[in-house]
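Here is a short briefing to read with the model open beside you.

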Amino acid sequence: MATVSIPGSTCVVLLDIEGTTTPITFVKNILFPYIKEHLEDYLSAHWEEDECKQDVHLLKKQVEEDIKQNRACAVHTLDQTVHTDEEKAIREVVENVLWQMAADRKTTALKQLQGHMWRAAYSTGRIKGEVYQDVVPSIRRWRRQGLKIYIYSSGSVEAQKLLFGYSVEGDVLDLFDGHFDTNIGLKVEDRSYERIAERIGCQPENITFLTDVTREAKAAADAGVNVVVVIRPGNTELTEEEKSHYNVITSFNQLEVTESA
């Protein structure tokens, strides 16, 4: 696939993670199954700790918001093996989290709890963050060319830092100038990209966003951000119309920075 040039006005490269820097299979086959397998034990072990209490509080607030907005919610099933109030409360949290994951929801409450669970797995070496081989060398090249690099992912900032701090390439957190998650807004909303530009201190047209999701690409473009769509193995296939509409790459190596006039 041909080289794609990004405008010389670009001073920031904003990167998605899943399907862009990191294989989708890493999230779906390693990170998510870890949550499902260890969720109940984790909650039982940390239930009385302040961090866990805050996570549960956010999940309950999300349920209240869903009810207020008439959104679908998890349906609690009657479990005859539950005997105490704590067991009942934990089981309800488990049901809610598993329901949100099955629905592929991107709520801040869900992502925060997941991030806290993954922290232990990364720090003990049970999980190492996967990144495509072209990612780290390309980011180093862009930085040498004077670009700043930021991450914008639906995963919590903590989860992002864990992935790159305990990656197969080692700790590469020093490559990034900052991180954004859904606290700044949803990735399919153009206002989120305007907020990111405001937070960074630049104009939207000074940002080039790399993502594999065309709904995110459209939102970013609507905000005035330059967009490049990344095709990786296992990603959702683009339509011919999408391929012709967006600049498309299969490797970060194809992205070249043009000199500003």
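Strand β6 (residues 226-230) is mostly covered, with four of its five residues buried, where buried means under 20% relative accessible area, exposed over 50% and partly exposed in between (1.4 Å probe, protein chains only). This is a predicted model: local features need pLDDT of at least 70, side-chain atom pairs count only at pLDDT 80 or more, and totals for chains, interfaces and linings use all residues. Residues are numbered from 1 along each chain as its sequence is written, and side-chain values use heavy atoms, with hydrogens and water left out.

**Partners of β6**
- Strand β5 (residues 207-211) runs parallel to β6, joined by four bridges; strands pair if DSSP finds at least two bridges between them.
- Thr 211 stands opposite Val 229 in β6.
- On the other pairing, β6 and strand β7 (residues 247-249) are parallel over three bridges, and Val 230 stands opposite Ile 249 in β7.
- Strands here are DSSP runs of E with at least two residues, and helices are runs of H or I with at least four, numbered from the N terminus.

**Cysteines**
- The structure holds zero disulfides, a disulfide being a pair of cysteine sulfur atoms within 2.5 Å.
- Cys 11 counts as partly exposed at 31% relative accessibility, whereas Cys 52 counts as buried at 1%.
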